[in-house]
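Have the structure open as you read.

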Amino acid sequence: MGQLLTASDIPSLSLLYKLRKLSAPSPGASPLPTTTRPGPGADVPPPSKSLNDRVGLIRGDITTLKLDAIVNAANRSLLGGGGVDGAIHRAAGPELYDECRALGGCPTGSAKITNGYGLPARKIIHAVGPVYDPLDHDKSERLLTGCYTRSLELAVEHGCRTVAFSAISTGVYGYPSQDAAPAALGAIRKFLTGPDGDKIDKVVIVTFEMKDVEAYNEFIPLFFPPVAEDETTTDNEEDEARETEAKLTAEAEAVASELPSAPTSDPSDTGPAGKKQRQGED
Ligand code: AR6
């Protein structure tokens, strides 16, 4: 496991705009799919410094984050599998499997919470994303959005003020990153601006593969546009952010280069840990 990162080590969107790692949407930015528009009647919502300070973005291994909760991309058995689920179960240890077994599974589009055990995070929220169905995009989106919303509700219910999300469904479950990112960002924005939004201090988006890095770089400015003051930063802030980013990128690239190309079947179908799950069923 690499270096542990706390909420304050993770660059906020405000800082990433200052560092020019994110840029304002261009005037002719391609419109979002209608179902993922962030606000009624407007493609891009008004900029908010408070929101941009409370959303973080980092590329790396989610198991190294020392936050109140991390969100796992699980399957309905909750008994482990490949991808980020496998990494989380390995890092947390066998007690996690025992607690998950007692939960009796979880429906697609929802989530359940456990302790973090051997992980630096205090809690793990196990979200069950949909297997992407290209013939029913709306249903896939509803289920994916449900994962983000329910995970944030659970975080609040358990007093978790800092929460990191993996890119649910974009691996084995085949959800295109270009569609998953706006769905995730819309749900996160809606929650943070809703009645319980002030009960969360930081939502961290964790990317791992380049396709998700690219999707979030494209869509974040359309959901969390920059505020005008995000033009200057101190040397210290810049140095720290650059250092953190360089370390994580090197680590993620090393791991990602070992990854096989995206499988087409769910490892839980054959693995010893998961019970059989039918593809496309929720
Ligand atoms: N840290 C952060 N993100 C990661 C990590 C990591 N250590 N490892 C992978 N990712 P996936 P799914 C990214 O396949 O599509 C499992 O078998 C990865 O690059 O883990 O929801 C479960 O048991 C991708 O962007 O989850 C289910 O059966 C994202 O995590 C099934 O896979 C999600 O990819 C769930 O499929």
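R20 counts as exposed, because its relative accessibility is 55% (buried means under 20% relative accessible area, exposed over 50%, and partly exposed in between, with a 1.4 Å probe and protein chains only). R20 is not a glycine, yet its phi is positive, at about 65 degrees. You'll find R20 in the loop between α1 (13–18) and α2 (49–54); helices (H or I, at least four residues) and strands (E, at least two) are DSSP runs, numbered from the N terminus.

A quick word on ground rules: this is a predicted model, where local features need pLDDT of at least 70, side-chain atom pairs count only at pLDDT 80 or more, and totals for chains, interfaces and linings use all residues. Residues are numbered from 1 along each chain as its sequence is written, and side-chain values use heavy atoms, with hydrogens and water left out.

Now for S169, which also isn't a glycine but has a positive phi, about 75 degrees. S169 sits in the loop between β7 and α6, and that residue is buried, with a relative accessible area of 6%.

Rings of Phe, Tyr and Trp (its six-membered ring) pair if their centres lie within 6.5 Å; planes under 30 degrees apart count as stacked, over 60 as edge-to-face and the rest as tilted. By this rule there are two aromatic pairs. One of them is Y132 with Y175, a tilted pair at 4.7 Å centre to centre with 55 degrees between the planes. The pair links distant parts of the chain, 43 residues apart: Y132 is in the loop between β6 (123–128) and α5 (137–157), and Y175 in the loop between β7 (162–165) and α6 (177–192). Both tyrosines, Y132 and Y175, are buried.

Two other buried spots are worth a look. F223, in helix α7 (residues 210–223), has a relative accessible area of 0%. F223 is 179 residues from V44 in sequence, but their C-alpha atoms are 6.1 Å apart in space. T114, in strand β5 (residues 111–115), is buried too, with a relative accessible area of 1%.

On to the charges. The structure holds seven salt bridges, a salt bridge being a side-chain nitrogen of Lys or Arg within 4 Å of a carboxyl oxygen of Asp or Glu. K49 and D53 make one, with their closest N and O atoms 3.0 Å apart; both lie in helix α2, four residues apart, about one turn of the helix. R101 and D98 form another, at 4.0 Å between the closest N and O atoms. They are three residues apart in helix α4 (residues 94–103), so about one helical turn separates them.

What about bridges between loops? D201 forms a salt bridge with R161, the closest N and O atoms being 2.9 Å apart. D201 lies in the loop between α6 and β8 (202–207) and R161 in the loop between α5 and β7, so this pair ties together parts that are 40 residues apart in sequence. D201 is partly exposed at 40% relative accessibility, and R161 is partly exposed at 33%. Elsewhere, R150, E153 and E157 are linked in a network of salt bridges.

Finish at helix α8 (residues 235–256), where E240 is found. E240 counts as exposed because its relative accessibility is 54%.
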